[in-house]
Amino acid sequence: MAHRSDARPPDRDTRALARRLARFGRVEWFADFGGGSGRYLSGYAPIARHAVLVDRSAVRLGATESRHYRAVERGALHLVRADLRALPFVDDAFDAALAVRVLHRLADLDRYLAEMARTVRGRWLLDVPIKHHLRARLRALRHGTRALLDDPAPAAVPGSAGRSRRYHLAAVRGALAALGFDTGVLSSGWWEPEQVVLCRRRERRRPRLRPVPEGAGAATRALARRTVCPACRGGLDWTDFAAFCRRCGVCYRHHDGFWDFAAGVAAPVPADALT
Ligand SMILES: [Zn+2]
C-alpha cells in the first residue's frame, strides 16, 4: 500500500508500532479500529495490501480522506464510519488489526472487544491503559488504596468525568482468551501505563465472503465482499454511492470520502426486491 507521498512523517509511537507490525509479514486485509485520524497509517502501510480505518467520527475520516485520497481511490485504503460495537463486516474479515489509544474511551469494554474480535481471524495488536502502572502503585501506597488496583473492574481516570478508563491487565487478557485468542505482552516493563498486547487467534477460520457486486468500481467491490449490514448482518446491494439492506430497508451512503455505516437512511425498497 504505497501512499507515503501523501502521509505525515511518522511519530515515535508509529515507528515503534511499525517495528512490531513488521513481524506480522504481509497481510491482505488490515483493520485499524478507532484509527480514523490515520495517525498510525504509515505504521502498517508497508505490510497491508488493503487497510480499513474504522471510526465513529465523520470529521476525522473526512480529514483523513483529504490527506490520503490517492490511496482511497486506488482501493488500498477504505474509510468506514461505524460503531465499534456494531461493525459492518463478516466474521473473520481481517487478517490482522490494531486498536491503539482507543480502549480508554470505551464504556462496557467486553462488548466492544467481542465485536472487534469477531472480525479478526489472525493477529491483533492493542494497547491497554492499565491502572496498576508505577505511578498508580506509588499513589496507592501513599493513600492505602492498593485494593482498588487489584480489583478486576475498570477504574475511571480522576478528573476525566468518567470519560477515560484504565483496566486490570489480567482481566482484559482473560476476556481476550475467552474470545479465542492467545495473548502476550510486548511492553518493555510492567511499570508502563500503556501495555501493548499481541493477540493471536487459536483457530483460524476463513471468512465467508459476500458475492462480488456488479456495477460497482474495483474499490467498492473489494470492500463489499467482506461487508454486511451492521444492524442485521445480512447482505447488501451496492453501487459506488450507497449500500442497501433489503431486510432493514435502509441505505448506507458513501459521502465525504467515507462509507457511513453508523447512520442508515430509510430507503424505498427497490423494484426488483418485490418480484
Ligand atoms: Zn440490515
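Two residues are taken to be in contact if their C-beta atoms, placed from the backbone, lie within 7 Å. The structure is a predicted model, in which local features need pLDDT of at least 70 and side-chain atom pairs count only at pLDDT 80 or more, while totals for chains, interfaces and linings use all residues. Residues are numbered from 1 along each chain as its sequence is written.

The protein chain contains 9 helices and 14 strands; helices (H or I, at least four residues) and strands (E, at least two) are DSSP runs, numbered from the N terminus. Its radius of gyration is 20 Å, close to the 19 Å that the globule rule gives for 275 residues, so the chain is as compact as a globular protein of that length. Here the radius of gyration is taken over C-alpha atoms, and the globule rule is 2.2 Å times the number of residues to the power 0.38. Along the principal axes, the C-alpha atoms of the protein chain fill a box of roughly 70 × 40 × 35 Å. Of the 275 residues, 36% count as buried. A residue is buried if 20 or more other C-beta atoms lie within 10 Å of its own, exposed if 12 or fewer, and partly exposed in between, with C-beta atoms placed from the backbone. Among contacts between residues at least 6 apart in sequence, 60% join residues at least 24 apart.

The chain is divided into domain 1 (4-201) and domain 2 (218-274), with bounds that come from an automatic or database domain assignment. The centres of the two domains, taken over C-alpha atoms, are separated by 26 Å. Their contact takes 22 residues from domain 1 and 17 residues from domain 2. On the side of domain 1 that touches domain 2, the elements that give two or more residues are helix 3 (58-67), helix 4 (69-74) and strand 3 (77-81). By class, this side of domain 1 has 14 nonpolar, 4 polar and 4 charged residues; Ala, Val, Leu, Ile, Met, Phe, Trp, Tyr, Cys and Pro count as nonpolar, Asp, Glu, Lys and Arg as charged, and the others, Gly among them, as polar.

A nonpolar core is a set of buried Ala, Val, Leu, Ile, Met, Phe, Trp, Tyr and Cys residues joined through C-beta atoms within 7 Å. The largest such core has 63 residues, and those with the most contacts inside it are Phe30, Tyr44, Val80 and Ala97. At least three residues of this core come from each of domain 1 and domain 2. Not counting residues up to four places away in sequence, Tyr44 touches Leu21, Phe30, Ala51 and Leu98.

Strand 9 (residues 194-201) pairs in the antiparallel sense with strand 5 (residues 120-129) over 7 bridges. Two strands pair if DSSP finds at least two bridges between them. Within this pairing, Gln195 of strand 9 is the bridge partner of Val128. Strand 9 also pairs with strand 8 (residues 181-185), again in the antiparallel sense, over 5 bridges, and Cys199 in strand 9 stands opposite Thr183.

Helix 6 (residues 134-143) is hardly covered, with 0 buried residues among its 10.

Leu223 lies in helix 9 and counts as buried because it has 24 C-beta neighbours inside 10 Å. The C-alpha atoms of Leu223 and His50 are separated by 9.1 Å, although the two residues are 173 apart along the chain. Leu236 lies in the loop between helix 9 (218-224) and strand 10 (237-238). With 22 C-beta neighbours inside 10 Å, Leu236 is likewise buried. Apart from its neighbours within four places in sequence, Leu236 is in contact with Thr227, Val228, Cys229, Ala243, Phe244 and Cys245. Between the C-alpha atoms of Leu236 and Trp259, 23 residues apart along the chain, the separation is 13 Å.

Most residues other than glycine have a negative phi. Arg233, in the loop between helix 9 and strand 10, has a positive phi near 60 degrees. Arg233 is partly exposed, with 16 other C-beta atoms within 10 Å. Asp108, which is not a glycine, has a positive phi of about 60 degrees and lies in the loop between strand 4 (94-99) and helix 5 (109-118). Asp108 counts as exposed because it has 9 C-beta neighbours inside 10 Å.
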